[in-house]
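Hi,

Here is the model I promised to pass on.

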Amino acid sequence: MDYRLQYADKITLDRINLMHPDLRDDLLNDYLTINTALPKGVRLRFSQTLRTTKEQNDLYAQGRTVKGKIVTNAKGGQSYHNFGLAFDIVILYDRDNNGSFETASWDLDKYFMQVVSFFKTKGWFWGGDFKYFKDNPHFEKTFGKTTAQLRATGKLYPTI
């Protein structure tokens with residue numbers, strides 16, 4: 001058994017299993033690598049991976065037709081999340097050292113940026129580098145395909 005699994009977040013492991021099948025093994029290895037590189041008391045969680053069209057539309061409505069802050073410019077079917085090609089992160093802190101990791105942070109602190117740097121070296125495009133709408137927790141791999149091209153396949157997990 002991989003010793004790194006003892007430091008893994010079960011929620012994240014479950015969410016990795018929802019990613020595009022061609023990405024899962026490498027993403028699991030990359031997650032375990034960076035997660036164990038973080039110091040004790042700091043953990044990486046994938047807060048979102050695959051989203052349904054309805055979930056994406058609900059997020060799109062936020063800050064527009066329902067209360068909340070605008071968090072996406074993508075409607076359902078227009079996000080790489082809808083094809084298992086994107087994930088969002090949050091850094092968890094165990095401030096009281098009891099193993100609960102009770103504090104979630106999206107601050108661009110040194111640990112967040114360590115994770116960003118790592119995934120960028122693995123070929124993931126970081127949403128913090130988006131030109132018009134910064135999406136700091138977001139990472140995606142497009143394989144040179146637009147969401148329109150992916151949608152046109154009619155498949156949840158299109159060939160990439």
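Start with phenylalanine 87: setting aside its neighbours within four places in sequence, its contacts in this predicted model are Met19, Leu27, Phe46, Gln48, Thr49, His81, Phe119, Trp124, Pro137, His138 and Phe139. Phe87 also belongs to the largest nonpolar core, a set of 30 residues, where Leu44, Phe46, Phe87 and Phe119 have the most contacts inside the core. At least two core residues come from each of helix H2 (24-37), strand S1 (42-48), strand S2 (86-93) and helix H4 (110-121). H4 gives the largest share, with six residues.

Next, the two helices in that list. H2 and H4 pack with their axes 11 Å apart, at an angle of about 145°, and the crossing is right-handed. On the H2 side the residues involved are Leu27, Asp30, Tyr31, Thr33, Ile34 and Ala37, and they meet Gln114, Val115, Phe118 and Phe119 of H4. Sorted by class, that contact has seven nonpolar residues, two polar and one charged.

Is it buried or exposed? Its relative accessibility is 12%, so aspartate 9 counts as buried, the cut-off being under 20%. Its side chain makes a polar contact of 2.7 Å with the side chain of threonine 12. Not counting residues up to four places away in sequence, aspartate 9 touches Tyr31, Leu44 and Arg45.

You'll find it in the loop between helix H3 (53-61) and S2. From threonine 65 to threonine 147 there are 82 residues in sequence and 24 Å in space, C-alpha to C-alpha.

Finally, some backbone angles to check by eye. Which phi does phenylalanine 101 have? Phi of phenylalanine 101 is near 45°, a positive value in a residue other than glycine, and this residue is in the loop between S2 and strand S3 (103-105). Phenylalanine 143, not a glycine either, has a positive phi of about 55°. Phenylalanine 143 falls in the loop between strand S5 (138-140) and helix H5 (147-152) and is partly exposed, at 40% relative accessible area.

Cheers

How values were computed: Residues are numbered from 1 along each chain as its sequence is written. This is a predicted model: local features need pLDDT of at least 70, side-chain atom pairs count only at pLDDT 80 or more; totals for chains, interfaces and linings use all residues. Side-chain values use heavy atoms; hydrogens and water are left out. A nonpolar core is a set of buried Ala, Val, Leu, Ile, Met, Phe, Trp, Tyr and Cys residues joined through side-chain atoms within 4.5 Å. Buried means under 20% relative accessible area, exposed over 50%, partly exposed in between (1.4 Å probe, protein chains only). Helices (H or I, at least four residues) and strands (E, at least two) are DSSP runs, numbered from the N terminus. Contact means heavy atoms within 4.5 Å. Axes are lines fitted to C-alpha atoms, for helices over the stretch in contact, and angles run from 0 to 180 degrees between N-to-C directions. A crossing is left-handed if the near helix is turned anticlockwise from the far one by less than a right angle, and right-handed if clockwise. Ala, Val, Leu, Ile, Met, Phe, Trp, Tyr, Cys and Pro count as nonpolar, Asp, Glu, Lys and Arg as charged, and the others, Gly among them, as polar. A polar contact is a pair of N or O atoms within 3.5 Å; within protein, one must be able to donate a hydrogen and the other to accept it, and residues adjacent in sequence count only if both atoms are side-chain atoms.
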